[in-house]
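Please open the model in your viewer and keep the selection panel at hand. The tour below goes from one selection to the next and says what is found at each stop.

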Amino acid sequence: MLWRHGQTRWNVEHRFQGSTDIALDEVGREQAVRAAKLLAGLRPDAIICSDLSRATETAAELAKLTGLPVATDPRLRERSGGLWEGLTGTEIRQRYPEEWARWDPPQGEAEVDVAARVVAAVQEAIVGLPAGATLVVASHGGAIRAGMAAMLGLDPATWDRLGPLANCAWSVAGEAPAGWRLTGWRLLEHNAGTLPEPVLSDDR
């Protein structure tokens with residue numbers, strides 16, 4: 001289960017956060033409390049999260065309810081936005097129109113590199129969990145999309161087809177049943193836990 005952090009002030013201001021460490025705002029903390037109550041009902045077996053505070057604060061709410069420890073992993077951080085970090089979407093489009101069209105932040109991190117580190121962190125966390133266990137991964141919108149797309153085996157040219165996650169929403173991936181015609185991971189739910197609403201995200 002891939003769970004995006006709650007709202008921050010920069011989300012509201014439509015600023016690209018990337019690897020900048022921005023804490024949850026009051027609404028974000030309320031979102032984390034609400035989402036944690038829903039996720040606790042699924043009886044997760046383990047929790048891992050990005051080491052950025054907006055993710056650790058979100059994961060902590062689930063830890064309070066489940067009693068599970070939270071393992072932080074910097075590989076689950078949001079994509080580094082290079083020169084875009086701290087800029088609003090409007091400022092990015094005005095200053096870097098060509099890079100924005102490619103979604104390629106100058107001095108930032110390649111999306112495929114983000115995907116590789118997120119997948120590695122998830123795979124490592126899964127090792128040792130019993131069959132059928134539920135792992136909750138608290139991370140960031142762009143990192144989750146890239147990691148999930150790579151887990152599903154999608155061509156990077158198609159990753160934009162996965163819509164962004166709302167704050168404190170989650171997606172669920174599960175392994176295909178043994179002997180089924182497909183192998184590997186399947187997307188079971190996407191952007192769950194919310195009513196339809198505008199998405200405040202680094203992901204476009």
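Begin by selecting Trp3 together with Trp170, its bridge partner in β5; bear in mind throughout that this is a predicted model. Trp170 also has a bridge partner in β6, namely Ala192.

Now move to the largest nonpolar core, which has 22 residues, and select Leu76, Val118, Val122, Leu135 and Val137, the members that touch the most others. At least two residues of this core come from each of β2 (46-49), α6 (111-126), β4 (135-139) and α7 (141-151). Centre the view on Leu76 and show its surroundings: beyond its neighbours within four places in sequence, Leu76 is in contact with residues including Ile48, Arg117, Val118, Val137 and Ala143. A second, separate core of 19 residues can be found by selecting some of its members, among them Met1, Ala32, Leu39 and Ala63.

Finally, select α6, whose 16 residues reach 23 Å from first C-alpha to last, close to the 22 Å expected at 1.5 Å a residue. Its buried residues include Glu111 and Arg117 as well as Val114, Val118 and Val122, and what covers the buried residues of α6 includes β2, β4 and α7. Just after this helix, stop at Gly128, which takes a positive phi of about 95°.

Conventions
Residues are numbered from 1 along each chain as its sequence is written. This is a predicted model: local features need pLDDT of at least 70, side-chain atom pairs count only at pLDDT 80 or more; totals for chains, interfaces and linings use all residues. Side-chain values use heavy atoms; hydrogens and water are left out. A nonpolar core is a set of buried Ala, Val, Leu, Ile, Met, Phe, Trp, Tyr and Cys residues joined through side-chain atoms within 4.5 Å. Buried means under 20% relative accessible area, exposed over 50%, partly exposed in between (1.4 Å probe, protein chains only). Helices (H or I, at least four residues) and strands (E, at least two) are DSSP runs, numbered from the N terminus. Contact means heavy atoms within 4.5 Å. The expected span of a helix is 1.5 Å times one less than its number of residues. Two strands pair if DSSP finds at least two bridges between them.
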